[in-house]
Amino acid sequence: MPTRWKLNTGAEIPAIGFGTWQDQSEQEAAVAEAIKAGYRHIDTARVYGTEEAVGNGVKKSGIPRNDIFITTKLWNNKHHPDDVESALQQSLNDLKMDYVDLYLMHWPVAWKRGEDLFPKENGKPAMESIDIVDVWCHLRSRVMMPRVLTKAQTYKAMEKLLKTGKAKAIGVSNCDQSEMMRLVNECTIVPAVHQIECHPWLQQHDFTEWHRKHGIHVTHYSPFGNLNTIYSAKGKGGTEKLVEEPVLIEIGRQYERTAAQVALAWGVSQGHSVLPKSKTPARIRSNLDGDFKLSPEDMAKIAQINRKIRFNDSSGEFGRDFFVDLEGK
Ligand code: NDP
């Protein structure tokens with residue numbers, strides 16, 4: 001029986017989900033293959049351009065919509081509170097669905113309102129001005145953390161989505177500790193999920209433990225460190241690949257599993273969900289076998305290989321430098 005975790009909404013999220021970022025044109029077939037193989041959790045986002053493919057893939061699979069957990073995400077150009085519901089509706093239209101199981105704020109960064117997904121000003125991301133928040137927040141934000149308060153406004157608009165039934169749960173992605181604390185303190189609904197980059201080379205134990213205490217489920221994205229050339233080399237792990245990490249290979253031998261499956265099991269063993277992406281049928285199937293528990297001894301061995309390598313460090317490109325305290329230190 002595939003593992004599922006309970007969210008603070010009472011709903012269940014499958015521990016192994018299917019990622020759909022990149023290889024856009026291959027996602028419809030990949031999603032259909034994934035559902036056929038047994039995945040019941042598909043992760044997409046407005047900015048991936050894969051919502052339509054996900055909707056088609058789900059339909060093609062013949063599995064009822066209600067049996068599948070669908071996550072999509074609000075993109076940075078739709079953070080104005082007045083844009084949030086229509087942004088979700090656009091996603092639903094492409095998915096050809098009435099609701100998503102989870103709607104996430106993709107990045108805690110408000111970009112210029114409009115249809116341009118990557119608005120630029122002088123070569124940099126065009127940020128939305130602070131006047132999108134109310135007067136009290138505006139005055140306060142001039143002296144402290146304007147973006148966080150802006151995010152609280154966006155998030156408050158997301159809270160209203162729950163009443164529409166178009167999103168069954170809401171959450172965030174790519175937030176740092178201070179942003180999470182503000183969301184917990186200033187908003188009514190505790191995020192159900194925080195989706196962050198997490199894998200054996202970026203373990204984030206203190207931060208994920210904080211989430212556990214606050215009842216926020218953690219989902220690992222890029223559980224293999226992405227492996228896409230434009231992101232993974234970038235002066236971080238060089239040419240090394242997480243799926244070739246000797247410690248994971250060695251641990252995998254005992255369980256007759258691959259290093260990739262051990263990387264997934266490392267997340268599942270902590271009560272987190274993981275989102276492997278693959279367009280390759282054999283890998284799509286084999287990644288599901290990452291759904292098992294590692295022994296405390298093997299978890300301790302993996303704790304030794306935390307290199308703190310982040311593959312999706314978009315601080316420059318996203319116009320913010322917020323990764324410094326992600327580990328809660
Ligand atoms: P992953 O860490 O899942 O790595 C994907 C890469 O690994 C692909 O190149 C894939 O190749 C390869 N791969 C898959 N399975 C195996 C295997 N068993 N052995 C060896 N290589 C393998 O990358 P992503 O960055 O895509 O992360 C997964 C998902 O997380 C995304 O698709 C997206 O849904 C989500 N995400 C969310 C983000 C956010 O900001 N919230 C940011 C990044 C990702 P191939 O496809 O050729 O088989």
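**Exercise 1. Find which helix and strand supply at least two residues each to the lining of the second largest pocket, then describe that pocket.**

Step 1. α7 (205-213) and β11 (217-221) each supply at least two lining residues. Helices (H or I, at least four residues) and strands (E, at least two) are DSSP runs, numbered from the N terminus. This is a predicted model: local features need pLDDT of at least 70, side-chain atom pairs count only at pLDDT 80 or more, and totals for chains, interfaces and linings use all residues. Residues are numbered from 1 along each chain as its sequence is written, and side-chain values use heavy atoms, with hydrogens and water left out.

Step 2. α7 gives the most to this lining, with five residues.

Step 3. The volume of the second largest pocket is about 260 Å³. Of its 15 lining residues, T208, R212, Q270, G271 and H272 are the closest to its centre. A pocket is an open set of points on a 1 Å grid over the protein atoms alone, where a 1.4 Å probe fits, with protein on both sides within 12 Å along at least five of seven lines; lining residues have an atom within 4 Å of a point. The volume is the space filled by probe spheres set on the points, which are joined across faces, edges and corners.

**Exercise 2. State whether D43 and K73 are buried or exposed, and how their side chains pair.**

Step 1. D43 counts as buried because its relative accessibility is 3%. K73 counts as buried too, at 0%. Buried means under 20% relative accessible area, exposed over 50%, partly exposed in between (1.4 Å probe, protein chains only).

Step 2. D43 and K73 form a salt bridge, with the closest N and O atoms 2.7 Å apart. D43 is in strand β4 and K73 in strand β5 (residues 69-74), 30 residues apart. A salt bridge is a side-chain nitrogen of Lys or Arg within 4 Å of a carboxyl oxygen of Asp or Glu.

Step 3. Now look at Q195, in strand β10 (residues 193-197). Beyond its neighbours within four places in sequence, Q195 has contacts that include D43 and K73. Contact means heavy atoms within 4.5 Å.

**Exercise 3. Locate H106 and list what it is in contact with.**

Step 1. H106 sits in the loop between β6 (102-105) and β7 (120-121).

Step 2. H106 is buried, because its relative accessibility is 6%.

Step 3. Leaving aside neighbours within four places in sequence, its contacts are A45, V47, Y48, K73, L74, W75, S173 and N174.
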